[in-house]
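Hi there,

Here is the structure I promised to send over. Have a look at it first, and my notes follow below.

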Amino acid sequence: MTTEGAVDVEQSVGEGSRLRTVGGHAVLIVLSVVCVFPIYWLYATSLRAPGDVYSLSVLPWPLSLEHYADAFAKADILRMLINTTIVAVLTALGQLLVGLLAAYAFAGWKFRFQKLLYLMFVGTWLVPFQVTMMPNYVLLSRLDLLNTLAGVIVPTLCSALGVLMLRQHLLGFPKELLEAARMDGRSSWGILWTVVVPTLRPVLAALGILLAITAWNEYFWPALVLQRSNDVVQLGLRSFMGTEGNDWGPLMATAGLTCLPVFLLYMVLQRHIVNAFVRSGLK
Amino acid sequence: MSRIRLEGLTRRFGAVTAVDDVWLDVADGEFLVLLGPSGCGKSTLLRMIAGLLGPTGGRVLLDDTDITHTPPRERDLAMVFQSYALYPHLSVARNIGFPLRARRLRKDAIRTKVDEVAAVLDLTELLARKPKELSGGQRQRVALGRALVRDPGAFLMDEPLSNLDAKLRSSTRAEISGLHQRLGATVVYVTHDQVEAMTMATRIVLLDHGKLEQVGTPEEVYDRPASTFVAGFLGSPPMNLVPATAESRGTLRAHATDLDIDLGIPAEMPARPVILGVRPEHLRLTTPEDAALRGVVRTVENLGSEEVAHCLVGDARVCVRGPRPLGLRAGDPAHLTAAPETLHLFDPDSGRRLAWQPTPDPAAAEPEVPLGSPA
Ligand SMILES: Nc1ncnc2c1ncn2[C@@H]1O[C@H](COP(=O)(O)OP(=O)(O)OP(=O)(O)O)[C@@H](O)[C@H]1O
Ligand SMILES: [Mg+2]
């Protein structure tokens, strides 16, 4: 009797938890549909025939690549994609380098005003972009960097997020490893490149990808700096928006192309990214 | 190879004095072991010699150069860490070659040297592996190899064996001793394991709360402990320490509850309190009439070849160690005695060793406190 009772209880617990799992999955499915649907709609619209742009059918039919051809004809999409890639890669690399050097100093040395400096550094994260936007703009115009890619990249080189994350990782870095390298005859600079960077490679890769994607998706700052040109793809999108209405087809096609590199990057390196973030959370 | 001298080396962390005014002269080719309980400042002392930590006072000399303010990489010293600190992203070969690359040696010179060291440490088959693919003992040997490859002036080792199991530990112990003899290297070795200290050291330094308690050969520190701390730290079980009174009755005797023993000193002096020390292996069973200590056996431990009986004499705990069977069982009365030359006396206040000085000689720099003067 008692054993049967125990089995009963166990079964009911199992059923309860299964119900909860089903419920949880239902919520997750709804959420992912909500997230994915706009993206799906983007690609669906871009693939409709020119007359069907406002069609509400869920499946685009007949399929047509005409919007893509249109987009390539009206704007230099390839050049824009290359420029955007350059901006994203250089921004990410620059932010990584600055973050690495700053984090190495903050984590590895004791110096006066260290805490204060660090707080100020990270505090820049809390300053809204709108506050620094105008001073940076004025500075760029004085330096004659408006309408150049350098103008887009240089002011963003110091990323508080990068410093914060890398410092956290460096604080958890085994101290004896750094000391061993010192005993083995390396300078601090040598230790950074021969021990710290190779050991932190997964973290640097993940952070680099995150920063590159952020830079890739940036719209407002390039729009400000590159007012009179369509150098990066995010601005190229504007050329399909006119005063007498938007040219939805090519706009969707270009937007779809813009998203592709990010999706590809994420898919190829997904495990890498997730691993690094999980580990950074645990350490 | 080099000689290391420490002159009044001190390190404070806030209110804590981790290393307190240490004077030490490590001769060329010596195997010096820093021994002491956890937190006594061994690692701190070693890290100051290495240059990884600056002293708050005192000097470090290597041969005749003052290296107190020299950065570690310019000191000619190699260190083996407790965690081994192998570079996880490098193969065994590149780990061993790391110090040579840091010194910008030629590639083929590095390869020759690495192969040589790998052969000595039996690592040749493992050269292509990463540290995470090695066992603890193998990692330990790689760490040793990384130190050996440089031909440094001296080796500093911080508990390099503490992560190994008992069997591996004893074989690696022999390996390190062998290396020391072959290379004639100066070694400063930190451990809290007295077996390591006794078996490997040419001299042992006992530290307690950052202070030097005693410096001497393994025989000296074991046979003539300078203080109750040293007496109570070395040996397993350590020396029995029993508070008693020393008094002359024809010859000098020590007595306490259930204890009355001849100290073998033909002298007259006023009675004074002492701490009587006797090693467990120096106590032997005797007849009730001859017993100098009378106690009760509490428990008996079987160590395989030997037995240890824990007894209570008066209210002092006294251990007896001898070949198995000892012939004692829990609850038995224990009648014990010991030869006078195996007895030690300590001052109850300072804990320092007391010595009988028949002719007090103020010029003799005896570290020991006189027991008394001839009456
Ligand atoms: N960075 C530090 N800051 C503050 N106190 C410290 C620091 N390093 C060591 N200490 C203190 O100094 C004392 C000696 O420490 P040390 O690490 O030298 O001990 P140890 O003899 O090596 O011990 P163990 O055998 O456990 O390794 C301890 O009381 C420790 O708390
Ligand atoms: Mg230590």
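**Ligand 1 and its surroundings**

An oxygen atom of ligand 1 sits 2.5 Å from an N or O atom in the side chain of B:Thr44, which I list as a polar contact (a pair of N or O atoms within 3.5 Å; within protein, one must be able to donate a hydrogen and the other to accept it, and residues adjacent in sequence count only if both atoms are side-chain atoms). Before you read on, please note that this is a predicted model, in which local features need pLDDT of at least 70 and side-chain atom pairs count only at pLDDT 80 or more, while totals for chains, interfaces and linings use all residues. Residues are numbered from 1 along each chain as its sequence is written, chains are lettered from A and ligands numbered from 1 in the order in which they are written, and side-chain values use heavy atoms, with hydrogens and water left out.

For B:Ser38, the distance from a side-chain N or O atom to an oxygen atom of ligand 1 is 2.5 Å; for B:Glu159 it is 3.2 Å. On its own, ligand 1 has 630 Å² of accessible area (Shrake-Rupley method, 1.4 Å probe; for residues, only the protein chains shown count as cover), and the protein covers 57% of that.

The shell around the ligand (residues with a heavy atom within 4 Å of it) also includes B:Phe13, B:Lys42 and B:His192. Its residues divide into three nonpolar, six polar and two charged (Ala, Val, Leu, Ile, Met, Phe, Trp, Tyr, Cys and Pro count as nonpolar, Asp, Glu, Lys and Arg as charged, and the others, Gly among them, as polar). Helix α1 of chain B, residues 42-50, gives the largest share, three residues (helices are DSSP runs of H or I, at least four residues, and strands are runs of E, at least two, numbered from the N terminus).

**Where the chains meet**

Chain B brings 24 residues to the contact and chain A brings 16 (heavy atoms within 4.5 Å). Together they bury about 1,800 Å², 57% of it on carbon and sulfur atoms (the accessible area, with a 1.4 Å probe, that two parts lose on being put together, summed over both).

Two salt bridges join chain B and chain A (a side-chain nitrogen of Lys or Arg within 4 Å of a carboxyl oxygen of Asp or Glu). In one of them, A:Glu179 meets B:Arg47 at 2.5 Å, N to O.

Happy browsing!
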